[in-house]
Number of protein chains: 2
Amino acid sequence: MLNQLIDTLKKDEVNWARFMDQFVERNIPSKTILLSEGGISNQFHFIKKGCLRMWFNKDGKDITFQFFFEDQAVASIDSLLSNQPSMFSIESIEPSTLLSINKKSFELICQVYPEVRDGFQNILFKRFSNYAQLFLSRIKDTPRERYEDLVLNHPEIIKRVPQHYIASYLGISPISLSRIKNRK
Amino acid sequence: MLNQLIDTLKKDEVNWARFMDQFVERNIPSKTILLSEGGISNQFHFIKKGCLRMWFNKDGKDITFQFFFEDQAVASIDSLLSNQPSMFSIESIEPSTLLSINKKSFELICQVYPEVRDGFQNILFKRFSNYAQLFLSRIKDTPRERYEDLVLNHPEIIKRVPQHYIASYLGISPISLSRIKNRK
DNA sequence: TTCTAACGATAACAATTGTTAAGAAAACCA
DNA sequence: TGGTTTTCTTAACAATTGTTATCGTTAGAA
């Protein structure tokens, strides 16, 4: 997703080196909270290795919204753009390696490269559209249908994400997920 | 919502008259389908009088996403912007009076007024944010909590929208909605 | 290697919701 | 005004899901 943006940056080797300095690489263990719901987000994370999830909590009820793997950008866009408290938490599911950049540095990049800014707007729109699809599927489809979609179209999730997080993503208890799997 | 845009247009009386010609006023009876799911949307509607709903269907299951009343703009934004089939249907709940404008005319307006285009982008972002809130509430909150929120914060909906559409919005059967109301 | 923690599957019971049906009231149309 | 349609409430029954508990397996840490 951010690959296109990074490709744009790479065309200019001088500034590429300069901006890469703005990215901080770090290793984090499993279950590291990168952002808590209600906190203000000021970072983008680029996953070099590992898996993250974006989730929120309601009365102790854990609901996962999206999983992220290598080569994907992760941020709480709502908080980033509006400087308001984030609706989501971001947490690692596996030990992971991240490249992180803060909002200010990223905005500097956008000033130097209008095409990066435009590309970012495009990415934003696409991500909002993707969220709309997730939203609709969440409402429209039964947990079973959504599980089957994961099996067919997102085998990486099935392979690497613990069942109880998958259940959290489907909005059901882990016990109900076991039942769904047994009904095949 | 489109009020700001229209205020911008009104500042220029010559062009205001020209562009108002692009709006078509029409009266529609209750249960008029303005846009079907899967169709391509090329219109904005501004509600002068009446009430519309945006909804989608899954296996005969009717799920309402949002209600619109007077002074609100209605469009299937996903389809409008992407020229792809709409995820939603738009339908009148009451006999209504609409001011409608097609996409091309609206784009002409945006070319003449860059500030309209920018304002529109802002409105888009706000609407996407609002959809995100609706989305989260839809997942996070129980139908009962969401019904109580309607009673407190959206009495117009309670007053004017038939119960079974409210149930559709809450994602439950009308029978379950009766039960919720009885448990107060 | 051993111990501990995490994870997944399953059973039993309770709670909730959907479907079908029926009846009453309200709204609409000729 | 009378007839029809729509809407809402309620009951009965079925289906689904959640909660609690238990057990076995796997992964991680010392």
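Visitor: At what angle do helix 6 and helix 9 of chain A pack?
Guide: This is a predicted model, where local features need pLDDT of at least 70, side-chain atom pairs count only at pLDDT 80 or more, and totals for chains, interfaces and linings use all residues; side-chain values use heavy atoms, without hydrogens and water. Residues are numbered from 1 along each chain as its sequence is written, while chains are lettered from A and ligands numbered from 1 in the order written. Helices (H or I, at least four residues) and strands (E, at least two) are DSSP runs, numbered from the N terminus; axes are lines fitted to C-alpha atoms, for helices over the stretch in contact, and angles run from 0 to 180 degrees between N-to-C directions. Helix 6 (residues 143-153) of chain A has its axis 10 Å from that of helix 9 of chain A, and the angle is about 70 degrees.

Visitor: Which residues of helix 9 of chain A make the contact with helix 6 of chain A?
Guide: Contact means heavy atoms within 4.5 Å. Helix 6 of chain A brings A:Pro143, A:Arg144 and A:Tyr147. By class, the contact has four nonpolar, no polar and two charged residues. On the side of helix 9 of chain A stand A:Leu177, A:Ile180 and A:Lys181.

Visitor: In chain B, how far apart are the axes of helix 6 and helix 9?
Guide: Helix 6 (residues 143-153) of chain B packs on helix 9 of chain B at about 70 degrees. That makes the two helices of chain B roughly perpendicular. B:Pro143, B:Arg144 and B:Tyr147 meet B:Leu177, B:Ile180 and B:Lys181. The axes of helix 6 and helix 9 of chain B are separated by 10 Å.

Visitor: Which element gives the most to the surface near DNA strand D?
Guide: A residue is near a molecule or strand if one of its heavy atoms lies within 4 Å of it. 15 residues surround DNA strand D, with A:Ser176, A:Arg179, B:Gln163, B:Ser178 and B:Asn182 the closest. Helix 9 (174-182) of chain A, and helix 8 (163-170) and helix 9 (174-182) of chain B, each supply at least two residues. Five residues come from the top contributor, helix 9 of chain B.

Visitor: Which side chain has a polar atom 2.8 Å from a base oxygen of DNA strand D?
Guide: A polar contact is a pair of N or O atoms within 3.5 Å; within protein, one must be able to donate a hydrogen and the other to accept it, and residues adjacent in sequence count only if both atoms are side-chain atoms. The base oxygen is approached by A:Arg179.

Visitor: What share of the atoms of DNA strand D within 4 Å of the protein belongs to sugar or phosphate?
Guide: The atoms counted are those within 4 Å of the protein. Bases make up the rest. Sugar or phosphate accounts for 64%.

Visitor: How far is B:Ser176 from a phosphate oxygen of DNA strand C?
Guide: A:Asn182 puts a polar side-chain atom 2.3 Å from a phosphate oxygen of DNA strand C. For B:Ser173 the distance is 3.1 Å. For the polar side-chain atom of B:Ser176, the distance is 2.2 Å.

Visitor: How many charged residues has the surface near DNA strand C?
Guide: Ala, Val, Leu, Ile, Met, Phe, Trp, Tyr, Cys and Pro count as nonpolar, Asp, Glu, Lys and Arg as charged, and the others, Gly among them, as polar. Helix 9 of chain A gives the largest share of this surface, five residues. By class, there are four nonpolar and six polar residues, and the charged ones number five.

Visitor: What is the bridge partner of A:Phe46 in strand 8 of chain A?
Guide: Strand 3 (residues 43-49) and strand 8 (residues 96-102) of chain A pair in the antiparallel sense over six bridges. In strand 8, the partner of A:Phe46 is A:Leu99.

Key:
Two strands pair if DSSP finds at least two bridges between them. Angles under 35 degrees count as roughly parallel, over 145 as roughly antiparallel, 65 to 115 as roughly perpendicular and the rest as oblique.
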